[in-house]
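Please open the model in your viewer and keep the selection tool at hand. The stops below say what to select next and what is to be found there.

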Amino acid sequence: MDLAPADDFQDLFEDAPCGYVITDPDGRIVRVNATFSGWIGFAAEGLLGKRLRDLLTVPGRIFYETNFAPLLRLQGGFEEVALDVSTAGGGKLPVLVNARERRDAAGAVLAIRIVFVRAGDRRSYERDLLGREAVATQSLRDEKATSELREQFIAVLGHDLRNPLASIVGAARLLRRELQSDKALRVLDLMEASVDRMAGLIDDVMDFARGRLGSGIGLNRTVGHLEPVLRQVVAELEAGQPSRVIVSDFDVPAPISFDAGRIAQLMSNLVGNALTYGDPKQPVRLHASTTPGRLELWVANAGEPIPEAAMERLFQPFFRGDVRPSQQGLGLGLHIASEIAKAHGGVLQVRSDRTETRFTFTMPIA
Amino acid sequence: MSAIDRNNVRVKGAGERAMVFAHGFGCDQNMWRHVAPAFEATFRTVLFDNVGAGNSDLGAYDPGKYASLSGYAEDLIEIIRELDMSGTVLVGHSVSAMIGILASLRAPELFSALVLVGPSPRYIDDGDYHGGFTADQIEELLEFLAENPMAWSQAMAPAIIGNPDRPELGEELTESFCRTDPAIALGFARATFTSDNRDDLPKVTTRTLILQCSDDIIAPEAVGRYVHDHIAHSELVLLQATGHCPNLSAPAEVISAVQAFV
């Protein structure tokens, strides 16, 4: 069917897939299309002479008069304003509204053209999103409160565990001063080793809880030589596993500023891991050196590489790789090592392939 | 932070006396762009944005302070004091008419005259008093604003609408008018539309001009007359201008009424 252009434009206006309203400069409606009057259930003639605000719900009316009437005057139009139109049936029609003034050459307003698009689904979706956001915010807040409580509990527990442990250490010392059978001495050795291990676990838990509770890992930096600290760590670990070979290559001649206890802890965690997870037939290699402004320290071992999937979570607390039952820990070692690195303004990184697994700690030095 | 930075204060013009323009709920100092320049030859003109509107410092928003209009009145007093002005003419639109009254009661020396454009001491009906809205309707407004963040996104960053007919807006169109933070605007709406300052009107001693629009649903004519009846030294002028914002729709009429008064 061929339409004359004028008919076609008439149809485009009347039956457009959106509502059209044209008002005079004073805001009184002079023309309404069939789509819009159909939507709201008022005959077009009945709308003539009314103002846009008369079609809105009361909140929409206040909102329009205070926010959008000024905007229309200031910038000659507005777009995508969300409003509710009152319908003949007493209902609300959520719409998005665009409006634009038409002005003459002298700048006087000739008419205001307003377009309405239905936005019911979109509005209910937005309302739904808002509700969900409120729920999510609340549950996040609850979760945070709970986890803070849990971490405080861990901190207190860790602290309280130290007292009975100290009693056991004292008791073992007391027994050692008296004459004991060989068997009893062996049991005392085992007891003391267990106490050391447990004290280490408690320290880890306390460090973790402190880190989580916002105080972070505190540093007690002094200026001194790094090499003796590293050698001490190596000596302790070698004594524990005499069958293993640790190859050290240290070259840090100048004193640097660091927390000796913490760096020893970091190294001990890294070397301990290397001994645990590395190929027992191959040596664990340690390296420490400086370039201007930077300290580099690494620990490498041969053996199975760390699986790709595990790499991302390696430094997260309570993460444990596939370990044998005899190697149970809390999964805090690497997390704490990386926190110690951060506290020194440095970073702990890992690279792992068929050749070797290498943890590298770098930090800035003055 | 100084009040001058906090409220994005702009001072122009020359003259012995100062005229301070205060915008209402829903816009910013741009509300006065067609009125204020007319007074620059004879007055120092002061424009500012309420905290939460325009280019004010959003970080300065304190929900407790701004829960009532007196928080905004405090700011107005601070601005005028920081500018080391006194005896100013305050031109307050909409809710800022009441904010101006509160400021003048607290620091009368700062104001020599008040021009109230579309004032309302209370928007909610109360017995014989007809504010224009029921309490339920105002509650509905606040719910609508809270539920409808998309309604605001436009106000925050209005799309640039090409308008070759109005080159004077030129560059400024890249800046948006009437920016507002939705959460703050909701607080301001609550402070505005639940306020009741009827008891403050008889206390006003500063000479006062009331500009009342025709066909204003926010501040109907009966409300303007109520304000006139309750402020002793007041003058009421009924404008031809319709709607709630004669400062934009009929600036010339507003200018001449203010000039005749001052």
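This is a predicted model: local features need pLDDT of at least 70, side-chain atom pairs count only at pLDDT 80 or more; totals for chains, interfaces and linings use all residues.

Residues are numbered from 1 along each chain as its sequence is written, and chains are lettered from A and ligands numbered from 1 in the order in which they are written.

**First stop: the antiparallel sheet of chain A**

Select strands β3 (residues 77-86) and β4 (residues 92-103) of chain A, which pair in the antiparallel sense over eight bridges; A:Gly77 has A:Arg100 as its bridge partner in β4(A). Five residues lie between the strands of this hairpin, and A:Gly90 takes a positive phi near 90° there. A residue is called buried if 20 or more other C-beta atoms lie within 10 Å of its own, exposed if 12 or fewer, and partly exposed in between, with C-beta atoms placed from the backbone. Seven of the 10 residues of β3(A) are buried, so this strand is largely enclosed by the rest of the structure.

Now widen the selection to the open sheet of five strands, whose order is β2-β1-β5-β4-β3 in chain A and whose pairing is antiparallel. β2 (29-32) and β3 of chain A stand at the edges with a single partner strand each, so one side of each is left without a neighbour in the sheet. From one strand to the next the twist averages 25°, where axes are lines fitted to C-alpha atoms (for helices over the stretch in contact) and angles run from 0 to 180 degrees between N-to-C directions. Further along, β1 (residues 19-23) and β5 (residues 109-118) of chain A pair in the antiparallel sense over five bridges, and A:Gly19 stands opposite A:Phe116 in β5(A). Helix α4(A) packs on the sheet, touching β3 and β4 of chain A, and its direction makes about 160° with that of β3(A); contact here requires C-beta atoms, placed from the backbone, to lie within 7 Å.

**Second stop: the mixed sheet of chain A**

Which order do the strands take in the mixed open sheet of chain A? The five strands run β7-β9-β10-β12-β11, and the edge strands, each pairing on one side only, are β7 (246-251) and β11 (347-352). The twist averages 15° from one strand to the next. Select β7(A) with β9 (residues 284-291) of chain A: the two run parallel and are joined by six bridges, and A:Ile246 has A:Val284 as its bridge partner in β9(A). Helix α7 (residues 227-240) of chain A packs on this sheet, touching β7 and β9 of chain A, with a direction at about 175° to that of β7(A). Helix α8 (residues 260-277) of chain A also packs on the sheet, touching β9, β10 (294-301) and β12 (357-364) of chain A, with a direction at about 20° to that of β10(A).

Select residues 135-147 of chain B, which form helix α4. Are B:Ile138, B:Leu141, B:Phe144 and B:Leu145 buried or exposed? These residues of α4(B) are buried. Seen down the axis of α4(B), its buried residues fall within an arc of 115° (taken over the directions from the helix axis to the C-beta atoms), so they line one face of the helix. On the other side of α4(B), B:Asp136 and B:Glu143 are exposed. The buried residues of α4(B) pack against α4 of chain A together with α6 (182-193) of chain B.

A nonpolar core is a set of buried Ala, Val, Leu, Ile, Met, Phe, Trp, Tyr and Cys residues joined through C-beta atoms within 7 Å. The largest has 103 residues, and among the members that touch the most others are B:Ile99, B:Leu116 and B:Leu141. Its largest share, nine residues, comes from helix α4 (residues 58-75) of chain A.

**Last stop: a loop in chain B**

Finish at B:Val204, in the loop between α6 and β6 (207-214) of chain B. B:Val204 is buried, with 22 other C-beta atoms within 10 Å, and touches B:Ile101, B:Ser104 and B:Ile231, not counting residues up to four places away in sequence.

Methods: Helices (H or I, at least four residues) and strands (E, at least two) are DSSP runs, numbered from the N terminus. Two strands pair if DSSP finds at least two bridges between them. Two residues are in contact if their C-beta atoms, placed from the backbone, lie within 7 Å. The expected span of a helix is 1.5 Å times one less than its number of residues.
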